[in-house]
Amino acid sequence: MDRVAIIGASMTQFGQRDAWIRELLAEAGQAALADADVSPDEIEHLYVSNMASGEFEGQTGVPNALAHDLAAMPAYTARIDQTSSSGGAGVYAAWQSVASGASDMTMLVGGEKMTHRSTAEATDVIASLTHPVEYKHGVTLPSFAGLTARLYLDTYDAPRESLGKVAVKNHKNGVDNPHAQFRKEVDLDTVMDSPIVADPLRLYDFCPITDGSAALVFCPESVAREYTDDYAVISGIGGATDTHVVHERADPTTMGGVVNSSEIAYEMADLEPDDIEVAELHDMFTILEFLQSEDLGFFEKGEGWKAVEEGVTDRDGDLPINTSGGLKSKGHPLGASGVAQVYEIYKQLIGDAGERQVDADVGLACNVGGFGNCVTTTIMESR
């Protein structure tokens, strides 16, 4: 099977945007086509990763609208919704369309418009992904995060400051990302003194509500060589689902979907966790960076916090994590986040990450839906 390559990518400015979802998607789509030097009529499959355009904006049919707006007819279109891992699921769908031979040129555009809604309204839309029994009792993802963070800190004797250092690190990385929502460093005192949201987590332990879009162009590697010398390939990809009811898990500090999806991706790529040189993890809450880094096999269980304390995950560390600034600094427009993670790994692997550039030929992106309910892990390599 010909390997699947990414030959073009784009990302809009993340943050509070005046544009609505169709405009955000078209902005990223046009930029990705230009980056790949591909004309719209060459696109055979067009996927849109989006969680809740209907709930947030009352807008449905966004893939069809995007095909029109990009002049990409008669491309096959589909919307990919897998809650906050919609972007990663979209990467999987786009990879499948090319790997199966069904398409020689596929584009994925992920996006979400959220900031026009209040924090309470946006939180309620996101909370609707929880199990109905949990939802009717007012359970939200922040509450899951707080409970899990408390369990993790107590179980592994981790200092509360270690979570704050994740936020400090990712904000520092975000300064050098021109598309990030927050481009300002924060110190540990600021993080630790911010208001409590879900004890022990405070305001700076959470990512913001965000508007934005990102896009990728996929094709077989043999086709990629006809367009550019600068491309990256997806060497492994896996998806998995964990329990819908979080309290049914044997260990809430283990994200089974991360473990299972990464095992599939590692096996496909014929790689091990030690081979990964840069990673983008889904730090919707700071505690998730610890959990994912351990469940991906980068660190032993309960050791992820020590890696942050020791600078291992810094941009100049042995395993840079979230060079983009992560969701924490870059922002989290639900349907776009997983696409933007792959955008960052792609840019790192082709040597086009600017001030964020690290030395890496193998990268990984892990996109999480809900509180680990569904996960896609993608491994990429430079050509």
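**Labels and their cut-offs**

Author: Lys-113 lies over the face of Trp-20, at 5.3 Å from the ring centre. This is a predicted model, where local features need pLDDT of at least 70, side-chain atom pairs count only at pLDDT 80 or more, and totals for chains, interfaces and linings use all residues. Residues are numbered from 1 along each chain as its sequence is written, and side-chain values use heavy atoms, with hydrogens and water left out.

Reader: What makes Lys-113 lie over the face of Trp-20?

Author: A charge sits over a ring if NZ of Lys or CZ of Arg is within 6 Å of the ring centre and within 35 degrees of the ring normal. Lys-113 is at 5.3 Å from the ring centre of Trp-20 and is placed over its face.

Reader: Why is the pair of Phe-144 and Phe-371 called tilted?

Author: The whole structure holds eight aromatic pairs. In this one the ring centres are 6.0 Å apart and the planes stand at 40°, so the pair is tilted. Rings of Phe, Tyr and Trp (its six-membered ring) pair if their centres lie within 6.5 Å; planes under 30 degrees apart count as stacked, over 60 as edge-to-face and the rest as tilted.

Reader: What parts does the pair of Phe-144 and Phe-371 tie together?

Author: Phe-144 lies in helix 7 (residues 141-156), and Phe-371 in the loop between strand 10 (362-369) and strand 11 (374-382), so the pair ties together parts 227 residues apart in sequence. Helices (H or I, at least four residues) and strands (E, at least two) are DSSP runs, numbered from the N terminus. Phe-144, Phe-206, Phe-285 and Phe-371 form one aromatic cluster.

Reader: Are Phe-144 and Phe-371 buried or exposed?

Author: Buried means under 20% relative accessible area, exposed over 50%, partly exposed in between (1.4 Å probe, protein chains only). Phe-144 has 9%, so it counts as buried. Phe-371 has 0%, so it is buried too.

Reader: Why is the pair of Tyr-152 and Tyr-156 called tilted?

Author: The ring centres of Tyr-152 and Tyr-156 are 5.0 Å apart and the planes are at 55°, so the pair is tilted. Both tyrosines are in helix 7, four residues apart, and are separated by about one helical turn. Tyr-152 is buried at 0%, whereas Tyr-156 is partly exposed at 22%.

Reader: How do you know that Lys-328 is buried?

Author: Its relative accessible area is 3%, so Lys-328 is buried. Lys-328 is found in helix 14 (residues 326-330). Its side chain makes a polar contact of 2.9 Å with the side chain of His-171, and reaches the backbone oxygen of Phe-206 at 3.4 Å. A polar contact is a pair of N or O atoms within 3.5 Å; within protein, one must be able to donate a hydrogen and the other to accept it, and residues adjacent in sequence count only if both atoms are side-chain atoms.

Reader: Which side chain is joined to Lys-169 by a polar contact?

Author: That of Glu-289, at 2.9 Å. Lys-169 is found in helix 8 (residues 160-174). At 6% relative accessibility, Lys-169 counts as buried.

Reader: What makes strand 7 largely enclosed?

Author: Nine of the nine residues of strand 7 (residues 212-220) are buried, so the rest of the structure largely encloses it. Strand 1 (residues 4-11) pairs with strand 7 in the antiparallel sense over seven bridges. Two strands pair if DSSP finds at least two bridges between them.
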